[in-house]
Amino acid sequence: MAPDTDTGADQHITEVGGTGVPIPGDDVDTDQILPAKFMKEVTFDNMADYLFYDARRDDDGEFNDHPLNRFEGASIAVVNSNFGCGSSREHAPQAMMRWGIDGVIGESYAEIFRDNCKSLGIPAVTTDHETVVELQEWIEANPDGDVEIDVEAKTVTYGDTTIDVDIDGAMREALVDGIWDTTALMYSNRSKVDATVDGLPYVEGDD
């Protein structure tokens, strides 16, 4: 299920859901998520093709049994501790979003990775280690089962189970209030920006 949003500049994301993909391992850094060799591209358009590029292939370049190869079409990633550490590259969450990830459940995230997720409208919620492992195991046993993140209620539901989760206050506010896309927000208030610029004595207008 795609994010529950309104159309237009205000995109209120209150819940996301779909099938899950477990991505186990602590300290999965952004170079594993999106190898640096692909950062030479000038747009994010092809980033989905490069998501976990090396980890998903064997020495002969063929796809292996990496979770992303086995859970194609999943919307919710379930990760462990300190996910997204290392380089601050935005390409990592961009690749995840373009692959189809609408939300992430984990033990913890690198701060910049979490903030980049917020800027893309991807809820990144947290819970304890045992709960994450239980969810990862449930997904392995139920690959077609839905996992739903309720951003507003701060819960995750899968099967017959609903758990409480934590979400950064700024992220929750931005998603629920529809102010996470700062570029769209700026454009939607273009007239106000122009009026402010016109009132600045040190900004010269066009002749």
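## Helices, loops and aromatic contacts in a predicted model

The charged end of R57 sits over the ring of Y53, at 3.7 Å from the ring centre. The structure is a predicted model, and the values below are computed from it. Y53 also belongs to a cluster in which ring pairs link it with F38 and Y50. In total, six aromatic pairs are present in the structure. One of them is formed by Y109 and F113, whose rings are stacked, with 6.4 Å between centres and 25° between planes. Both Y109 and F113 are buried.

Helix α6 covers residues 129-141. Its 13 residues should span 18 Å at 1.5 Å a residue, and the C-alpha atoms at its ends are 19 Å apart, in agreement with that expectation. The buried residues of α6 are T131, V132, L135, Q136, W138 and I139. Viewed down the helix axis, these buried residues fall within an arc of 160°, so they line one face of α6. An α-helix has 3.6 residues a turn, so residues three or four places apart point the same way. On the face turned away from the buried side of α6 are the exposed residues E137 and A141.

The buried residues of α6 pack against a series of strands, namely β1 (15-23), β2, β3 (103-106), β5 (146-150), β6 (155-158) and β7 (161-164). At the N-terminal end, α6 is capped by D128, which places a side-chain oxygen 3.1 Å from the backbone nitrogen of E130.

**N80, a buried loop residue**

N80 lies in the loop that runs between β2 (76-79) and α4 (91-99). N80 counts as buried because its relative accessibility is 5%, where the limit for a buried residue is under 20%. The side chain of N80 makes a polar contact of 2.8 Å with the side chain of E107. A polar contact of 3.2 Å joins the side chain of N80 to that of Q136, itself one of the buried residues of α6. Beyond its neighbours within four places in sequence, N80 is in contact with I23, P24, G25, D26, G106, E107, S108, H129, V132, V133 and Q136.

**Helix α7**

Helix α7 comprises residues 169-177, of which M171, A174, L175 and V176 are buried. These buried residues pack against α5 (111-119) and β4 (124-126). D168 caps the N-terminal end of α7, with a side-chain oxygen 3.2 Å from the backbone nitrogen of A170. Just after α7, G178 adopts a positive phi of about 75°.

**Helix α4 and the region around α1**

Helix α4 is mostly covered, with seven of its nine residues buried. The buried residues are H91, A92, P93, Q94, A95, M96 and W99. Among the elements that cover them are α1, α2, α3 (67-70), β2, β3 and α5.

T30 is a residue of helix α1, and it is buried, with a relative accessible area of 2%. Apart from residues up to four places away in sequence, T30 touches P35, G84, C85, G86, S87, R89 and A92. A92 is one of the buried residues of α4.

The loop between α1 (30-33) and α2 (47-50) contains M39, and D45 lies in the loop between α1 and α2 as well. M39 is partly exposed, at 29% relative accessible area. D45, at 55% relative accessibility, counts as exposed, because the limit for an exposed residue is over 50%. Leaving aside neighbours within four places in sequence, M39 is in contact with L34, R89 and H91; H91 is among the buried residues of α4.

| Residue pair | Separation in sequence | C-alpha to C-alpha distance |
|---|---|---|
| M39 and E90 | 51 residues | 10.0 Å |
| D45 and R98 | 53 residues | 8.0 Å |

Conventions
Residues are numbered from 1 along each chain as its sequence is written. This is a predicted model: local features need pLDDT of at least 70, side-chain atom pairs count only at pLDDT 80 or more; totals for chains, interfaces and linings use all residues. Side-chain values use heavy atoms; hydrogens and water are left out. Buried means under 20% relative accessible area, exposed over 50%, partly exposed in between (1.4 Å probe, protein chains only). Helices (H or I, at least four residues) and strands (E, at least two) are DSSP runs, numbered from the N terminus. Contact means heavy atoms within 4.5 Å. A polar contact is a pair of N or O atoms within 3.5 Å; within protein, one must be able to donate a hydrogen and the other to accept it, and residues adjacent in sequence count only if both atoms are side-chain atoms. The expected span of a helix is 1.5 Å times one less than its number of residues. The arc is that of the directions from the helix axis to the C-beta atoms. Rings of Phe, Tyr and Trp (its six-membered ring) pair if their centres lie within 6.5 Å; planes under 30 degrees apart count as stacked, over 60 as edge-to-face and the rest as tilted. A charge sits over a ring if NZ of Lys or CZ of Arg is within 6 Å of the ring centre and within 35 degrees of the ring normal.
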